[in-house]
Amino acid sequence: EIKWTCRYAPSLGELEDTPENIWGTDIVPIADQPCVFFGLYGFPDFFSLWRHKGQKAILWAGTDIIHFLNGYWLDDKGSIKMSPKPLATWINKNCENYVENEVEQKALMTLGIESKVVPSFLGRVEDYEVCYKESKKPKLYTSVSGNNFKQYGWDKIPKLAQDNPDIEFHLYGNTEPFSFPSEFKNIIIHGRVSKEQMNEEIQKMQGALRLTEFDGFSEIIAKSLLWGQWPISLIFYPNTLRIESIGALKDLKEPNIKGREWLLSVVNKYPWNINI
């Protein structure tokens, strides 16, 4: 059996674990062997894909789809862009495409790229056991990457905190100050901490909060479901709460077993994953 390799886009940053450990893929593409390209953020990523002679699959990561739809830059300022249409035609003809939710699937389909929805989680699911405990003062956690506060919906949090004084909002990942009215005692900013510290703290809370309108399948949503929590996401996933139901969190006494079972039934079900 031929082993898949994986090209990991440099723009992806740090994830919970590595493709080698979780999927069993080699990390260096080999010319004539199957390769999954994880993330296509710019033309260098696409060029590596185009140049590969073996079987090709793409796991789209979220914001890379926006970059692709807007046209790859050929200069440093974005004044010279490539049309995505011919690239999309080539991708649909030559590659298997995987996305993590229907929002991404619909976006790619606008350029004729057909894809399958399969959420990923680069963590060891066996390390995440159900630990949900109800609370009359629930704690929700969210995170930001690159201090892109608006992209990650942090500008919506003061209004949510005002409307839901019985819920604590725990914010992680920022390395720059996030300003909000000081009267909100139910917003706690932790900043950037280690993965280990964050996991230790958030597993004792009641759910993740993901306020991105366009996104891949967030690691915090994955962890929240595996722990039996009740995550809230602007993007629909089975057995998660909608933002308008945030107040119901204090009445949820039982762990979200159906959400955990759904995730375990679909996560990482890829042809390149030798560990399923």
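# Notebook: a predicted chain

I began at Gly-228, which is buried, with a relative accessible area of 0%. The model is predicted, and I kept that in mind throughout.

**Entry 1. Gly-228**

I looked up where Gly-228 sits. I found Gly-228 in the loop between helix 8 (219–226) and strand 10 (232–233). Next I asked which residues Gly-228 touches, not counting those up to four places away in sequence. My list reads Val-130, Tyr-132, Pro-255 and Asn-256. Pro-19 is 209 residues from Gly-228 in sequence, and their C-alpha atoms are separated by 25 Å.

**Entry 2. The whole chain**

I stepped back to the overall fold. I counted 9 helices and 10 strands in the protein chain. The radius of gyration is 20 Å, close to the 19 Å that the globule rule gives for 276 residues, so the chain is as compact as a globular protein of that length. I then read off the extent of the C-alpha trace. Along the principal axes it spans about 55 × 45 × 30 Å.

How much of the chain counts as buried? I noted 50% of the 276 residues. Residues 24 or more positions apart account for 61% of them.

For the surface, I wrote down an accessible area of about 13,400 Å². Carbon and sulfur atoms hold 52% of that area. For charge, I noted 31 positive and 36 negative side chains. The centres of these two sets lie 3 Å apart.

I found an open sheet of 5 strands, ordered 8-7-6-9-10, with parallel pairing. Its edge strands are strand 8 (187–191) and strand 10, and each pairs on one side only.

I then looked at strand 6 (residues 139–143). Is strand 6 enclosed or open to the outside? I found 4 of its 5 residues buried, so strand 6 is largely enclosed by the rest of the structure.

I checked how strand 6 meets strand 7 (residues 168–172). The two pair in the parallel sense over 5 bridges. I noted two of the facing positions. Lys-139 stands opposite Glu-168 in strand 7. Ser-143 stands opposite Tyr-172 in strand 7.

I found another open sheet of 5 strands, in the order 1-2-3-4-5 and with parallel pairing. Here the edge strands are strand 1 (5–8) and strand 5, each pairing on one side only. I picked out strand 2 (residues 35–38) and strand 3 (residues 56–59). They pair in the parallel sense over 4 bridges. Within that pair, I saw Phe-37 opposite Ile-58 in strand 3.

I moved to Val-103, which I placed in helix 5 (residues 102–109). Is Val-103 buried, exposed or partly exposed? Its relative accessible area is 30%, so I logged Val-103 as partly exposed. Leaving out residues up to four places away in sequence, Val-103 touches Glu-213, Phe-214 and Ile-235.

I followed the chain on to Ser-115. It lies in the loop between helix 5 and strand 5 (116–117). Ser-115 counts as buried because its relative accessibility is 13%, and the cut-off for buried is under 20%. I looked up its contacts, again leaving out residues up to four places away in sequence. Ser-115 touches Asn-97, Tyr-98, Val-99, Gln-105 and Leu-108.

I ended with backbone angles. Asn-239 has phi near 60 degrees, a positive value in a residue other than glycine. I recorded phi near 60 degrees for Asn-268 too, again positive and again not in a glycine.

I placed Asn-239 in the loop between strand 10 and helix 9 (257–266). Asn-268 belongs to the segment after helix 9.

What is the relative accessibility of Asn-239? I read 32%, so Asn-239 counts as partly exposed. Asn-268 comes out at 5% and counts as buried.

Note on methods. Residues are numbered from 1 along each chain as its sequence is written. This is a predicted model: local features need pLDDT of at least 70, side-chain atom pairs count only at pLDDT 80 or more; totals for chains, interfaces and linings use all residues. Side-chain values use heavy atoms; hydrogens and water are left out. Buried means under 20% relative accessible area, exposed over 50%, partly exposed in between (1.4 Å probe, protein chains only). Contact means heavy atoms within 4.5 Å. The radius of gyration is taken over C-alpha atoms; the globule rule is 2.2 Å times the number of residues to the power 0.38. Accessible areas come from the Shrake-Rupley method with a 1.4 Å probe; for residues, only the protein chains shown count as cover. Lys and Arg count as positive and Asp and Glu as negative; His and the chain ends are not counted. The place of a charge is taken as NZ of Lys, CZ of Arg, CG of Asp or CD of Glu. Two strands pair if DSSP finds at least two bridges between them.
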